[in-house]
Every structure is written in C-alpha cells, then in structure tokens.
Amino acid sequence: MDNNTEININNSTKKRNSSIELLRILMMLQIIFLHVSDYGQYTDIATSLGGHMELSYWVIWLMCRCPVYVFVIIMGYFLSTSKPEFNIKRILKCYLPMYFYSISIPFIYGIISPDRVSKDYYARAFVPFLSRTWYFMTLYLLIIILSPFLNRMIQGLDKKHYLILIGICFCLFSIWQPISMLEPFDGIIGIKKILSTQGGKSLYDFIYMYLLGGFLRRYHFTKEPSQSKYMSFLKNPISYILFFMILGLVNVFIVYHYPDVGIEDVIGYNDNPVVVLQCICIFRAFEKLDLSNFTRLGNVINYISAGNLGIYMIHEHPLIRPLIWEELFSTDKITFYTEGDYLLKFLFIILIVYLACWCIDWIRRMAAKLIKNVIDQISSKTD
C-alpha cells in the first residue's frame, strides 16, 4: 500500500488505490442486496420457507454483513494519517451532496406526486444532517468533523497502547453488548444507558471502526508477514478471502445450532465479533490485491467508485426507497422466491439500481463541475 495514497470523502483524489476502490464498489452492491433482503421481504420469506431456501439465505446474507463497517474502516485507514486540523473543505465535500439530494428529491417528487410529500417533509429537507435523512451519512459526517481530534489521539499512540485501545473497544462493543442480548445473560448483564448502539449503527461504533481503520493503516495484529516465514501466506489476498468465508460459515453454524437463545438478531448486528473479524479479513484481502499493472482497469474502477455515496443517498432516500422496492421491484411475494432463478433476478435488480443511481449521480457531479468551471472563469475575469 502506498503510504502517500489519500482518499477524500467524495472519492475525488490525487492518488487512488484501485483495489480499495473496487472494495468500495463491492460493499455498495452488498448494501443494495441487504436492502433487497430488508425491504423485499427476503429475510422473512426465506426463514418461513425453511430448508435449502433458508440455508441459502443465511449463507449469502452472512457473507454480506460488512459493508457499513468497511466504509468506515476505509475512512479511518486514509484519514487517520491526515494533519490533525479542522478541514472545512472535506466537510463540505460530504455535506453538499447530502444537501443537494435532500432538497432535490422531495421537490421533484412533490411536482410529480404532490400528495406523497408533506409540508413537514419539505422543512426537514433543508436540514438533512439534523433530520437524519440518512443515518449513515449523518454519522459519516460526524466522524469527518471529529477526525482531527481522533487523529491527534491516534498519532500519539504507540502500537502497544493502540492495540490495548482496540481491544477495549472490541470487548465493549463486540463482546459485552452482544452477550447482554442473549438468553440467559440478558437479565444479568445490561447495557441500557451505557452501550446502546442500535445493532452497530451508532456513533460509538463508527468511532470504533475509524480507530480500527487507523490501526490497520499503521500496524498488523501479528508480526509483518515478511518477518515470519510461518506468516508469509498472509501476503496472499486469497488467504484473507478464505478466512472471511470461514468466519461467515461460523456465523451460519451458530444460527443453526443455537436457535433458542436469540442468536439470530445478534448475529445480524454489525458489531458482532465474527463480523468485525470478517471486516478485517475482507479489507486486508483488497489491501493486498495489487492492480498497479492494470492501469486502464484501475482507472475504470476509480471512475465507477466515485459515485458510491451518491448511489447510497439516492436509493436509500425515504421517498425513493418505497418507489424502488414496492413499485418498481416488488419482491415481497413467495412466488418470487419459489422460482429457481430468484438469485439471478436479485443480481439483475442490484445491478439496475446501482447503475441507475450511478448515472443520476454522474449527472450531478458533471453539473457541479460545470458550474464550478463557470464560476472560476467569471472570477478570473473580474480579477
């Protein structure tokens, strides 16, 4: 990994690591799949049908539990080396697209179908950060705001104390919290008013993953592979992929062998300890993947990856979400899942959503670039 590589929040960079950008694309595709499972009723229908349908659901779903945390790990990996200074430009590069989609979507939707957009909705559209239009984007922006102060702490820690900090976070969020949700511990161990993290969707967890990303940038948990002949296999991305898949199967095993202790909900949490280990494995796999000899492919990957956050904001907007999953792609019927090609249909839906939203965001980015160029030309003439 090139230590000079930096990735800004909107994926616009001077230097881009194509393997990490490829990981971003994969994670966004997984996010769309998770939304198919959620809003398309795949979870409920698969578990009700049982048998191979349920098994295939758990295997696929538990291999797709990492995207939220991986995005934050990537942010920590790159931003933790930045100067510990407050960066207004970085904040605006995240917030301005949020503001654009928060305002434009309701107003366009209101013109097409005015009955579906309330007056309160128009008011909330002007404060997407405070109104929690997208929980992920709000937390993402909060981490950017806090990053200079987190970086001061990170850059002041040696490996020993940094590892202790990661260990404490792991015990708090990935051990204590999950155990408190399981029978018979739920009446003995409690987290109320202490560690309520909404299943790994809290500011606590995003700071936890940011710190983990910073650690992965600076250190390995073990000796460097080059320093140990027994660890040399860790140079190979395939090794990490295998570890990732084994961990996913461990989660599947747990779900099937402990069905009566509330394990299914806990396994689905982002901060489930097995999922956190999966995040580390999948990140290391792509970190070790070398695409430097494939310049053209890398450029294509970088170009596609630039639209990821826009894709998220468009398809996960509260007004667009029901349009996609209830009207355009209705997958909440049992007949959809009893047809043998339903997984291929899933793939098709995921790609269509990704590409359609990417094109919309591309138009926004090109328009923003054009406006900026016009303003720069006007400014240069007035000077």
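Select arginine 284 first: at a relative accessible area of 3%, this residue is buried. The model is a predicted one. The side chain of arginine 284 meets that of glutamate 287 in a salt bridge, 2.6 Å from N to O. Glutamate 287 is buried as well, with a relative accessible area of 11%. Both residues sit in helix α13 (residues 273-288), and because they are three residues apart, about one helical turn separates them.

Next, select helix α18 (residues 342-382), where arginine 364 and aspartate 361 lie three residues apart, about one turn of the helix. These two form a salt bridge whose closest N and O atoms are 2.9 Å apart. Aspartate 361 is buried at 1% relative accessibility, and arginine 364 is buried at 18%.

The structure holds nine salt bridges. Arginine 116 is in the loop between α5 and α6 (119-125), while glutamate 327 belongs to helix α16 (residues 320-328), so the pair ties together parts that are 211 residues apart in sequence. Arginine 116 is partly exposed, with a relative accessible area of 45%; glutamate 327 is also partly exposed, at 45%. Then select Arg16, Glu21 and Arg24, which are linked in a network of salt bridges.

Zoom out to the whole chain. It has 18 helices and zero strands. Its radius of gyration is 22 Å, close to the 21 Å that the globule rule gives for 383 residues, so the chain is as compact as a globular protein of that length. The C-alpha trace spans about 70 × 55 × 45 Å along its principal axes. Of the 383 residues, 49% count as buried. Among contacts with a separation of 6 or more, 77% are between residues 24 or more positions apart.

Switch to a surface view. The chain exposes about 19,500 Å², and carbon and sulfur atoms supply 65% of that area. Select Phe86, Ile88, Leu92, Leu96 and Phe149 to see a nonpolar surface patch with about 510 Å² of accessible area together. Helix α5 (residues 88-112) contributes the largest share of the patch, three residues. Leucine 96 is in helix α5.

Now colour the cysteines. The count of disulfides is zero. Cysteine 64 is in none, and the nearest cysteine sulfur, that of cysteine 66, is 8.7 Å away. Cysteine 64 is buried, with a relative accessible area of 10%. For cysteine 94, the closest cysteine sulfur is in cysteine 357, 18 Å away and too far for a bond. Cysteine 94 counts as buried at 3% relative accessibility.

Glutamine 41, in the loop between α1 (18-39) and α2 (42-49), has a phi near 65 degrees, a positive value in a residue other than glycine. Glutamine 41 is partly exposed at 28% relative accessibility. Arginine 132, in the loop between α7 (128-131) and α8 (135-155), has a positive phi of about 60 degrees although it is not a glycine. Arginine 132 is exposed, with a relative accessible area of 54%.

The last stop is aspartate 265, in helix α12 (residues 263-267). Aspartate 265 is exposed at a relative accessible area of 56%.

Technical notes
Residues numbered from 1 in each chain as written. Predicted model: local features only at pLDDT ≥ 70, side-chain atom pairs only at ≥ 80, totals over all residues. Heavy atoms only, no water. Disulfide = S-S within 2.5 Å. Buried < 20%, exposed > 50% of the residue type's maximum accessible area, 1.4 Å probe, protein only. Patch = residues over 30% accessible without salt bridge, like charges linked within 9 Å, V, L, I, M, F, W, Y side chains within 5 Å. Areas by Shrake-Rupley, 256 points an atom, 1.4 Å probe, with all protein chains shown as cover. Salt bridge = Lys/Arg side-chain N within 4 Å of Asp/Glu carboxyl O. Helix = DSSP H or I, 4+ residues; strand = E, 2+ residues; numbered from the N terminus. Rg over C-alpha atoms; globule rule 2.2 N^0.38 Å. Contact = heavy atoms within 4.5 Å.
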